[in-house]
Amino acid sequence: MDRVDGVVLPELDGARPNTGLSRSLGLLSLALGVGALVAPDVLARWTGLDDSPQARAALPAIGLRELAPAAGLLRARHPGWWTGSRVAGDAMDLTLLGRALADRCGERRRRVAVTTAVIAGITVVDVIATLRATRARKARERLIRMTVAVTVNTPASEAYRFWRDVENLPRFMTHLAAVRATDLRRSHWIARGPAGRRIEWDAEIVDDQPNRSIAWRSLPGTRVPNAGRVRFVPLPADRGTEVRVQLGYAPPAGGLGRAVAKLFGEEPEQQVRDDLRRFKQVLETGDVVRSDGSPDGISVRQQLHQRPAQPLPTGPRR
Amino acid sequence: MKATAWMGRDSVKVVDVPEPKIMSPRDAIVKISTTAICGSDLHLYHGYLPAMRKGDILGHEFLGEVVEVGPEVGNLKVGDRVVVPFPIACGRCRSCRQGLFSVCENSNPNAGFAEKLLGHSPAGVFGYSHLTGGYAGGQAEYARVPFADVGPLKVPDDVPDDQAVLLADVFPTGYMGAEMCDIQPGDVVAVWGAGPVGLLAAASARLLGADRVIVIDRYPYRLRLAEQHAGAEVLNYEQVDVLDALNELTAGRGPDACIDAVGLESHHDNPALYAYDRTKQAVRVETERPFALRQAILACRSGGVVSVVGAYGGFVDKFPMGALMNRSLIMRTGQCHVQRYTRPLLERIRRGEIDPSFVISHRLPLKDAPKGYKIFQKKQDDCTKVVLKV
Ligand SMILES: NC(=O)c1ccc[n+]([C@@H]2O[C@H](COP(=O)([O-])OP(=O)(O)OC[C@H]3O[C@@H](n4cnc5c(N)ncnc54)[C@H](O)[C@@H]3O)[C@@H](O)[C@H]2O)c1
Ligand SMILES: [Zn+2]
Ligand SMILES: [Zn+2]
């Protein structure tokens, strides 16, 4: 089997990364749940609720309630939903604690107050985790994935070499203004947005198999998470090389998302196909192919707004 | 500079436009001295090929002097006299390496658009709509020639402009039409259309050893050229039933090979039938009027070759697939892979085997291009081919 296919590129492969935060919350739920079930007395004493029989009776139920989100969060299925249920639980606990605080005094009141503060803190964390998970889910829903291929009349090694020098990418990917290699694996990418707006990110090559394939992804913290993989498959009988590209990106919501959407046009796959056509042109002929009607080369998007087939009006040549 | 621009259906105009510039390292700029109007230009003129824009510069048959070369054009220098093949071809893709220059995989920047109509894209062509690239054409004072290290052919001094300019298109096209017939000793070859392409196909069939050549058209002056310069027997389809006549001439066998040098605007002498396809074409139910093609298929002897060099753009109605299939016919076709033929045909001209310039009937100054289109369209004044002098 092709080793590349085992490389984890979550944005491409559609796996759902488990964030550290929702995992921690899962562990916390587990600890609280188990604690409340097996040792309600100890928990009641710590929280200053050991004087109330109802509270002690309620604790195992609360423990049971915690186990569901614990399981959900640790299995990393629908984290947003489970952290959301934790927020609801937190609200219930805070209400109960508020009442408990009102009719207690002395050491017990102090303990209830501390518990309330801790739960309030956890609530904030739960809310943050819920928002994050929801954002991640929405980004995943917006994730745009495509696979496109072209055949080039060069050996795989040559096609690989050209692509591996990431600074070559803007020569055929029109939406890129520049790519700068910062070291052997990392690079800084600048995309041309509409109305002169630039979108920048850092990326790294996560798998590199000379003459066979390259996989890359944006580094965490990128506003437009993206990843890609290109494979160079040599053809028999001197027929050149198949260049097979997989790309995925998750445009954010809002203004930036709209800018990204504009960047890739209504048919993002068509644009990548054009990019590959240009890749072929540059590799085989040395340059992007230009005509008077399409002076910047291939672009299906601009095909409808072509200029007439006349030389560009930039003054006399001689 | 002055250039011939397409202004809409049945309308061209000589307009002032900027001079072309080098856009890529493999470009050259050619100062044009002789350029020609082709039957293909008539299809554009009539608005039958899609994707023309007002202001597009026409012309794909031109010859001139190199006035500027890009840094990667090592084989040409300023001052060289060159003829430029009409298909633009990179010379490096697999199709070009196989000699299939008119289906170069790189030279059409509007390939995505062409794929939607044609499945895959053909090469870019000078002055031949945005479907084949949106390249400015050569009925102008200057032209930018992409991949100048591959296409243009240096013309020796002993070959005059009027012979050499025909190497840009019609002579290679006619020759390829004949070559695709795979002519064997004793073969009878029939050619539909006595325009420049058909006439040169007939002459080429002779060069390639055909025993008899039969040319079909309705213009006596064109048929006369076929008799005089290609030693052809001729049929005027307005006077005889072509299928009967061909059977008669071949004692029932049918021609061994049939060349369609008419294309999508073929004419029919039966007004009702002509009106049927003409109307469908006008309302765009079919894009072609394929009378000559249908007839060529029906006429061809079983197991013979139907060679199609006449141009088509879209879809053909009532295509006699049954005849093609049941009678083991072979159909070959294509835009001419001109780059493959320029050198050997130049040599044939220099050896005196053929002088293709017999097809030229009119020499006009560039400024008279609109008049040239008109008389060529209407076949006035015994017009066969118009060459424009710049
Ligand atoms: N394959 C190529 O690379 C290539 C290159 C150049 C031209 N072409 C095409 O070749 C065709 C001919 O070009 P041309 O310059 O000789 O044009 P042209 O218009 O001078 O010649 C066409 C001839 O066909 C005749 N004709 C019309 N209907 C006919 C019919 N039913 N039967 C017999 N003859 C008929 C016309 O009377 C005319 O003489 C055009 O379609 C042109 O686009 C193809
Ligand atoms: Zn032509
Ligand atoms: Zn090519």
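Is Asp182(B) buried, partly exposed or exposed? Select Asp182(B) and check: at 44% relative accessibility, it counts as partly exposed (buried is under 20% relative accessible area, exposed over 50%, partly exposed in between, with a 1.4 Å probe and protein chains only).

Before moving on, some ground rules. This is a predicted model, where local features need pLDDT of at least 70, side-chain atom pairs count only at pLDDT 80 or more, and totals for chains, interfaces and linings use all residues. Residues are numbered from 1 along each chain as its sequence is written, chains are lettered from A and ligands numbered from 1 in the order in which they are written, and side-chain values use heavy atoms, with hydrogens and water left out.

**Two loops with a positive phi**

Stay on Asp182(B). You'll find this residue in the loop between helix 5 (170–179) and strand 11 (188–192) of chain B; helices (H or I, at least four residues) and strands (E, at least two) are DSSP runs, numbered from the N terminus. Phi of Asp182(B) is near 50°, a positive value in a residue other than glycine. Most residues other than glycine have a negative phi.

Now jump to Ser129(B), in the loop between strand 8 (124–125) and strand 9 of chain B. Here phi is positive too, near 80°. Ser129(B) is buried, with a relative accessible area of 7%.

**The interface**

Colour by chain. The size of an interface is often given as the accessible area lost when the parts come together. Between chain B and chain A that buried area is about 3200 Å², with carbon and sulfur atoms giving 47% of it (the accessible area, 1.4 Å probe, that two parts lose on being put together, summed over both). On the chain B side, select Met23(B), Arg94(B) and Asn106(B): they lose the most area to chain A, together 19% of what that side buries.

In contact terms (heavy atoms within 4.5 Å), 42 residues of chain B meet 36 residues of chain A. Between the chains, 18 residue pairs are in polar contact, both at pLDDT 80 or more. A polar contact is a pair of N or O atoms within 3.5 Å; within protein, one must be able to donate a hydrogen and the other to accept it, and residues adjacent in sequence count only if both atoms are side-chain atoms.

Which element of chain B gives the most to the side that touches chain A? Show helix 3 of chain B, which supplies five residues. The residues on that side of chain B divide into 18 nonpolar, ten polar and 14 charged.

How many salt bridges does the rule find across the interface? Two, a salt bridge being a side-chain nitrogen of Lys or Arg within 4 Å of a carboxyl oxygen of Asp or Glu. For one of them, pick Glu115(B) and Arg277(A), whose closest N and O atoms are 2.7 Å apart.

Go to Ser291(A), in the segment after helix 9 (268–285) of chain A. Ser291(A) is buried, with a relative accessible area of 0%. Not counting residues up to four places away in sequence, Ser291(A) touches Met23(B), Pro109(B), Gly133(B), Gly134(B), Tyr135(B) and Arg144(B). Draw two distances from the side chain of Ser291(A): 3.3 Å to the backbone nitrogen of Gly293(A), and 3.3 Å to the backbone oxygen of Gly134(B).

**Ligand 1**

Of the 30 residues around ligand 1 (a heavy atom within 4 Å), Ser40(B), His43(B), Asp217(B), His267(B) and Cys336(B) come nearest. An oxygen atom of ligand 1 is 2.7 Å from an N or O atom in the side chain of Ser40(B).

**Inside chain A**

Chain A has nine helices and seven strands, and 47% of its 318 residues are buried. Show helix 7 (residues 156–164), where Ala156(A), Ala159(A), Tyr160(A), Phe162(A), Trp163(A) and Arg164(A) are buried. Their packing partners include strand 1 (144–152), strand 4 (198–209) and helix 9 of chain A.

Last stop: Arg180(A), in strand 2 (residues 176–181) of chain A. Arg180(A) is partly exposed at 46% relative accessible area.

Key
Nonpolar A, V, L, I, M, F, W, Y, C, P; charged D, E, K, R; others polar.
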